[in-house]
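Subject: Structure for your review

Dear colleague,

Please find below the structure that I am handing over to you. My findings follow it.

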Amino acid sequence: MFKLPRKTLINFALVACLILLVSNSLSCFKNSLPLTIRPGLSLISLLKRELRGFIFYHRNMIKAEESDKQIEALRANLFDLREVYQENIRLKNLLSFKQKSPLCLIPARVIGRSLDSWTSCVIIDKGRSSGIKSGMVVINNQGLIGRIAESTDNISKILLINDPSQGISSIVQRSRQEGLVNGTLGANLIMRYLPEDAQVAVGDTIVTSELSHIYPKGLLIGKVVNVGCEFSGLNRYAIIRPAVDLNSIEEVMVIIP
Amino acid sequence: MKKCLLLLAIIILLTLQLAWPGFLIFFNCKPDLLLVFAVSLVFYLDFKTALIFGILSGLAKDMFLPVTFATNTISFSLLSYLIHILARRVSTETNYVRFAIILIASFLNNIVAGLGIIRAGNIIPLGIFLRNLIILSVYSMALSPLIFKLIKKITT
């Protein structure tokens, strides 16, 4: 067996204890030494780096070019992934809405928008072959979107709720006050034919009423953002912000009655 | 060949107008490329061909609008005819005159579309009516040089 003499061991332990004692007791020494040599070390490392950069200039240039290309490719990938991620979230929401909803729904994708600014419509990728007929109501997980205006075998045109030809019988959810919601071609809708003493206030939720023969009862239309009095003074009106952002809809659900 | 290219141009412009990018929509207005195309044809082609392709442009537009009556087909053909009559009396060789004609044609077409909605009993706020009328016409006119170039390339 390998055996150290006792004397050597004692000497070694004593030296170690001494070093520990010195290093612990002289903390100022411990701190000041690195501080003293730090500028020198920094300078040397800077010189080394510059020298290496100078010597390997060509190799670094090629590496930088390659890295730039990789960054561009990765950035493009990231952009694609972000799109996929957002689409995934939207589709997940739609799927969970479809599973929870008691209505029979057909999902469809928006493939085109209105040709001019005098009508507000979108075109979807499903038509008669998928069971979609004109007059059917279109929604998404946020609320009411519109109704099918025309349907061919493979595509359908949806008339959005902000089209001026739309008239939706609706009620204020809180007070059950009835009115008619019309499109204005703008970002907001207008609820008309409200009596002078109508119970409607800013922030109230507007939903479809059971009087409507086209739209099922209770579909969310939007929230009241302003209440005013009509020019004649006989009726009041309410400006409604639609629950759905009609300018950016990408996926929709068609209700099959 | 030229006629096939003109048909292809209608399809391309129709697709472009249907899928007009969101960042190029100003105040909810996008340009009426098919109208500009139909009107510009009168400047570069003989009246008969221009009228036929003007009608085709109008038909293509009406096919993708939710309104059933062929307003644009009639409007485009009428505008082509009116510009043809005007071209016999006024020189339409300079670009400024052409821009002015496009602006007026677009303005008239928008008035017809807007009044059609009002006549049907629907109400549009005055601000939105004027916004559509002015911005749409000016926007269409602003993009007309591109359509002129496209037709020039096809016809030469």
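In chain B, helix 4 and helix 5 cross in a right-handed manner. Please note that this is a predicted model. The two helices, covering residues 71–89 and residues 95–119 of chain B, pack at an angle of about 145°, and their axes lie 11 Å apart.

From helix 4 of chain B, the residues that take part are B:Thr71, B:Asn72, B:Ser75, B:Phe76, B:Leu79, B:Ile83 and B:Leu86; they meet B:Ile101, B:Ala105, B:Leu108, B:Asn109 and B:Val112 of helix 5. By class, this contact is made up of eight nonpolar and four polar residues, with no charged ones.

I turn now to the interface of the two chains. Here 23 residues of chain A are in contact with 26 residues of chain B. The area buried between chain A and chain B is about 2100 Å², and carbon and sulfur atoms give 63% of it. On the side of chain A, the residues that lose the most area to chain B are A:Leu115, A:Ser117 and A:Trp118, which together account for 41% of what that side buries.

Four elements of chain A each give two or more residues to the side that touches chain B: strand 1 (104–113), strand 2 (121–124), strand 4 (143–151) and strand 5 (156–160). That side of chain A holds nine nonpolar, nine polar and five charged residues.

Yours sincerely

Technical notes. Residues are numbered from 1 along each chain as its sequence is written. Chains are lettered from A and ligands numbered from 1 in the order in which they are written. This is a predicted model: local features need pLDDT of at least 70, side-chain atom pairs count only at pLDDT 80 or more; totals for chains, interfaces and linings use all residues. Side-chain values use heavy atoms; hydrogens and water are left out. Contact means heavy atoms within 4.5 Å. Buried area is the accessible area (1.4 Å probe) that two parts lose on being put together, summed over both. Ala, Val, Leu, Ile, Met, Phe, Trp, Tyr, Cys and Pro count as nonpolar, Asp, Glu, Lys and Arg as charged, and the others, Gly among them, as polar. Axes are lines fitted to C-alpha atoms, for helices over the stretch in contact, and angles run from 0 to 180 degrees between N-to-C directions. A crossing is left-handed if the near helix is turned anticlockwise from the far one by less than a right angle, and right-handed if clockwise.
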